[in-house]
Amino acid sequence: MKTRVTVTLKPGVLDPQGKAIHHALEGLGFAGVNDVRAGKLIELDLAAGVSNEDIEAMCRKLLANTVIENYRIEGMSTAP
Amino acid sequence: MKSAVIVFPGSNCDRDIAVALRDMVGRAPTMVWHRETELPDGLDLIAVPGGFSYGDYLRSGAMAARSPVMRAVALAAEGGVSVLGICNGFQVLTEAGLLPGALMRNAGIAFVCRDVLLTVASSQSAFTSRYEAEEAITIPVAHHDGNYTADDATLDRLEGEGRVAFRYAVNVNGSARGIAGILNAEGNVLGMMPHPERATEAAHGGKDGRRLFEGLVAALG
């Protein structure tokens, strides 16, 4: 089972990398980019039976630092 | 004083802090590999050194904070052993939950590597007792992720409880309220981005870091 975890900085947390990307896009002549926020995509290949609670725990305990980051899980387990 | 230095893959200031401790304390620290599950008996001080543990993968300090030895470090800290986290060590301590907040990419994006002027914000700890409050000292920094961040309630609490140990006189990385180093509630855990161990000999260009170790020797023997 493939599960994707997207980790993003919380709104309001300064994102210097996003800012740099934004400046670079403007430098390339792309107009109309209002803001850029950079994050991480983590793909998990999980055995059947790994519960949604386990995936949540993985996010809270390691994949995201919830002081500064939010996470979103796609492809949650359908196991009971 | 009996001390230990934790060594992770990618630590690169472990020898610097070991030399500083050996010279200042008069006894070499025990070097403890990150896979160890137990620390030497009778420790007074644990140093979590600077460097790039695990290549800063995922987040600076994130992997190291979950390594086996850090459970033992957390237990020791709870038991009152002093813990000093420098640079990557500060990042590891926040990731491990021993100190609040997080250290993010420098606001100016660039890696900052130079001497900085610090203000001693609190002299009420074993780490800072040999400094005067509000004293200006010069200690080098070398980091990419030193931008200290916490919510306002946490920052207010740190300031209200005298737990900000050091501030940048000139904010080099965007840290909230200029914070360069903080203490835990009990005062036995200090995390700081500047490197006091790199300011202990005349050849370093300054010796303002010495008094941090002298304070520890005075408090811990």
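Analyst: The model under discussion is a predicted one.

User: What percentage of the residues in chain B is buried?

Analyst: The secondary structure of chain B consists of six helices and eleven strands. Of its contacts with a separation of 6 or more, 75% are between residues 24 or more positions apart. A residue counts as buried if 20 or more other C-beta atoms lie within 10 Å of its own. By that criterion, the buried share of the 221 residues in chain B is 53%.

User: Which residue of strand 9 of chain B stands opposite Val120(B), and which residue of strand 10 of chain B is the bridge partner of Arg167(B)?

Analyst: Strand 6 and strand 9 of chain B run antiparallel, and Val120(B) stands opposite Phe166(B) in strand 9. Strand 9 and strand 10 of chain B also run antiparallel. In strand 10, the bridge partner of Arg167(B) is Ile179(B).

User: Which residues cover the two faces of strand 11 of chain B?

Analyst: In a regular strand the side chains alternate between the two faces of the sheet. Strand 11 of chain B spans residues 189-192, and both of its faces are covered. The buried residues are Val189(B) and Gly191(B) on one side, and on the other Leu190(B) and Met192(B).

User: Which residue of strand 11 of chain B is the bridge partner of Ile86(B), and which one stands opposite Leu183(B)?

Analyst: Strand 4 (residues 82-86) and strand 11 of chain B run parallel and are joined by four bridges; the partner of Ile86(B) is Met192(B). Strand 10 and strand 11 of chain B run antiparallel, with three bridges. In strand 11, the residue opposite Leu183(B) is Leu190(B).

User: Which residue takes a positive phi in the hairpin of strand 10 and strand 11 of chain B?

Analyst: This hairpin has five residues between the strands. A phi near 85° is taken there by Gly187(B).

User: Against which elements do the buried residues of helix 4 of chain B pack?

Analyst: Helix 4 (residues 88-95) of chain B is mostly covered, with eight of its eight residues buried. Among them are Asn88(B), Phe90(B), Val92(B) and Leu93(B). Just after the helix, Gly97(B) takes a positive phi of about 85°. The buried residues of helix 4 pack against strand 3 (45-48), helix 2 (62-65), strand 4, strand 5 (102-104) and strand 11 of chain B.

User: Is Asp145(B) buried or exposed?

Analyst: Asp145(B) lies in the loop between strand 7 (136-143) and strand 8 (147-149) of chain B. Beyond its neighbours within four places in sequence, its contacts are Ser60(B), Gln91(B), Leu103(B), Met104(B), Arg105(B) and Asn106(B). Its C-alpha atom is 8.7 Å from that of Asn88(B), 57 residues away along the chain. Because it has 22 C-beta neighbours inside 10 Å, Asp145(B) counts as buried.

User: Which strands stand at the edges of the open sheet in chain A?

Analyst: Three strands form this sheet in the order 2-1-3, with antiparallel pairing. Two strands have a single partner each, so one side of each is left without a neighbour in the sheet. These edge strands of chain A are strand 2 (39-45) and strand 3 (69-74).

User: Which residue of strand 3 of chain A is the bridge partner of Arg4(A)?

Analyst: Strand 1 (residues 2-9) and strand 3 of chain A pair in the antiparallel sense over six bridges. In strand 3, the partner of Arg4(A) is Glu74(A).

User: Which element gives the most to the side of chain A that touches chain B?

Analyst: Nine residues of chain A are in contact with 13 residues of chain B. With three residues, the element of chain A that gives the most to this side is helix 1 (residues 16-27).

User: How do the residues on that side of chain A divide into nonpolar, polar and charged?

Analyst: The side in question is the one that touches chain B. Its residues divide into seven nonpolar, two polar and no charged.

Key. Residues are numbered from 1 along each chain as its sequence is written. Chains are lettered from A and ligands numbered from 1 in the order in which they are written. This is a predicted model: local features need pLDDT of at least 70, side-chain atom pairs count only at pLDDT 80 or more; totals for chains, interfaces and linings use all residues. A residue is buried if 20 or more other C-beta atoms lie within 10 Å of its own, exposed if 12 or fewer, and partly exposed in between; C-beta atoms are placed from the backbone. Two residues are in contact if their C-beta atoms, placed from the backbone, lie within 7 Å. Two strands pair if DSSP finds at least two bridges between them. Ala, Val, Leu, Ile, Met, Phe, Trp, Tyr, Cys and Pro count as nonpolar, Asp, Glu, Lys and Arg as charged, and the others, Gly among them, as polar.
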